[in-house]
Amino acid sequence: MEISGPIPRSGSSLRLSSDDSNPFLGSSISAGKDDALTTDTDLEASSSTKVAPRKHKYRMSSIKLFGVDLSPDNVAVAMVYFVQGVLGLARLAVNFYLKDDLHLDPAEAAVIAGFSALPWLVKPLYGFISDSVPLFGYRRRSYLVLSGLFGALSWSLMATFVDNKYSAAFCILLGSLSVAFSDVVVDSMVVERARGESQSTSGSLQSLCWGSSAFGGIVSSYFSGSLLDTYGVRFVFGVTSLLPLITSIVAVLVEEQPMLSAARGTNLLLSGTEFLENSKQGIIQLWGSVRQRSIFLPTLFIFLWQATPQSDSAMFYFTTNSLGFTPEFLGRVKLVTSIASLLGVGLYNGFLKNVPLRKIFLATTLLGSALGMTQVFLVTGLNRKFGISDEWFAIGDSLILTVLSQASFMPVLVLAARLCPEGMEATLFATLMSVSNGGSVVGGLLGAGLTQLFGITKDRFDNLAPLIILCNLSSLFPLPLLGLLPGDNPDVNPEDDSAIGMKCH
């Protein structure tokens, strides 16, 4: 998954559009779906809330997908992930709306994109809330319904009343919150179902999640550009507003027992007290883990590696305003990059998962920085001197850099998973990925500042080439800190890395 910490990065800052940096829009490559492993694993045992005894986990089903029975529960999980992927339908529409309707400069658009990522920085908090404060007797169903309604509201407002950058930023933030919260809730369901199961079953569950999200992303990429070209941004926003309602509808399929009547009779104050107590204990445990040198130093590297500046927003304005790339063409590019992300996962699982982390980070960062410089060809028109059109050069460049970007981000997930001590797996993993997301936000904001400093506007790109060069060179800055990472490749079952890869998007 969306939009996307939210942004897997190679050394390159290339994105033809800035969609991938926006978790509100499906985040797609958004630190993977694994960044949403929630606190449910860690808090369920300590929660004093009583629930009715659970029935059997799965109902018998004769239909299987990815080796998983399509029970009502699993259908609900798959559909929520599909929605997260298909919400990318409005990615291009948002970019063009900010550029053409609100007439924002690249720096302003980049700031709004960074602002929309804020809900993804506190994902462990959503786990604490859903575990400790049930709504209407449910810890999962109610929050899925609420998330879907908030998402539908945000897109409906975008389709009707939003007419300035402040209201747009608010709606984007609301939509981002709805996706992030539903992501946490549904991943907690996956954690519950994978607990105590075999590696094969766990991998199948993750494959179901990944496949559903990837399918949604490919579908949305295929239609996003043509719908925008034909009907305009407001129509696309209106269609998108219907998609989060799928999350609300499938919530009824979740096999969750309601709270016992005695527990339902307790007031909200009791739930609030329990939430505060669980949060306090969780924070204490979390701080005790993070302060350990073996965890803190690699986490610092992940943050710095993600926090280098990006030129995504400026590049989107250049390709549309200067080169004249149409929404339909950019939709095709998004389709290519969606498929390329699958190839990146395959590249890692097939050839890189047993390579020491330091070597992977070093090689992919150097290669990504070098290949990212090829954008200068597009900006200066040098590609045309070699007989390569702007369109074909853009597609090829995006394909190669997306594969590399996805392959280079996989070790972040693997490293985060390996750093988590027993008993704190879910909470610490979500926290580490929030740190990674935070680095991506910082990188986006630094890019916005440099875009403003270099005097790049919606119709002035004289200094775009130097900005691209600076952003790509800056990706090399964290390399001297590679010593913060574990020096060898821990003895981990290769299937574990594959399972992580299958869920990353």
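**Overall architecture**

User: How many helices and strands does the protein have?

Analyst: Helices (H or I, at least four residues) and strands (E, at least two) are taken as DSSP runs and numbered from the N terminus. The model is a predicted one, in which local features need pLDDT of at least 70 and side-chain atom pairs count only at pLDDT 80 or more, while totals for chains, interfaces and linings use all residues. Residues are numbered from 1 along each chain as its sequence is written, and side-chain values use heavy atoms, with hydrogens and water left out. The protein has 22 helices and 2 strands.

User: What percentage of the residues in the protein is buried?

Analyst: A residue is buried under 20% relative accessible area, exposed over 50% and partly exposed in between, with a 1.4 Å probe and protein chains only. The protein has 505 residues, and the buried share of them is 59%.  The accessible surface, found by the Shrake-Rupley method with a 1.4 Å probe and with only the protein chains shown counting as cover for residues, comes to about 19300 Å², of which 67% belongs to carbon and sulfur atoms. The buried percentage asked for is 59%.

User: How many residues of helix α2 are buried?

Analyst: Helix α2 covers residues 72–86 and spans 21 Å from its first C-alpha to its last, close to the 21 Å expected at 1.5 Å a residue; the expected span is 1.5 Å times one less than the number of residues. Among the buried residues of α2 are Asp73, Tyr81 and Phe82. The helix is mostly covered, and of its 15 residues the number buried is 12.

**Aromatic pairs**

User: How many aromatic pairs does the structure hold?

Analyst: Rings of Phe, Tyr and Trp (its six-membered ring) pair if their centres lie within 6.5 Å; planes under 30 degrees apart count as stacked, over 60 as edge-to-face and the rest as tilted. Phe96, Phe316 and Tyr317 form one aromatic cluster. The total number of aromatic pairs is 14.

User: Why do phenylalanine 301 and phenylalanine 361 count as the kind of pair they are?

Analyst: Their ring centres are 5.3 Å apart and the planes stand at 75°, so the geometry is edge-to-face. Phenylalanine 301 lies in helix α13 (residues 293–306) and phenylalanine 361 in helix α16 (residues 357–372), so the pair ties together parts 60 residues apart in sequence. Phenylalanine 301 is buried at 0% relative accessibility, and phenylalanine 361 is buried at 0% too. The plane angle behind the edge-to-face label is 75°.

User: Which residues does threonine 431 contact, leaving aside its neighbours within four places in sequence?

Analyst: Threonine 431 lies in helix α20 (residues 425–453) and is buried, with a relative accessible area of 16%. Contact means heavy atoms within 4.5 Å. With those neighbours left aside, the residues in contact with threonine 431 are Pro124 and Leu286.

User: How far apart in space are isoleucine 360 and methionine 410, C-alpha to C-alpha?

Analyst: Isoleucine 360 has its place in helix α16 and is buried, with a relative accessible area of 3%. Leaving aside neighbours within four places in sequence, isoleucine 360 is in contact with residues including Tyr348 and Pro411. Isoleucine 360 and methionine 410 are 50 residues apart in sequence, and their C-alpha separation is 9.7 Å.
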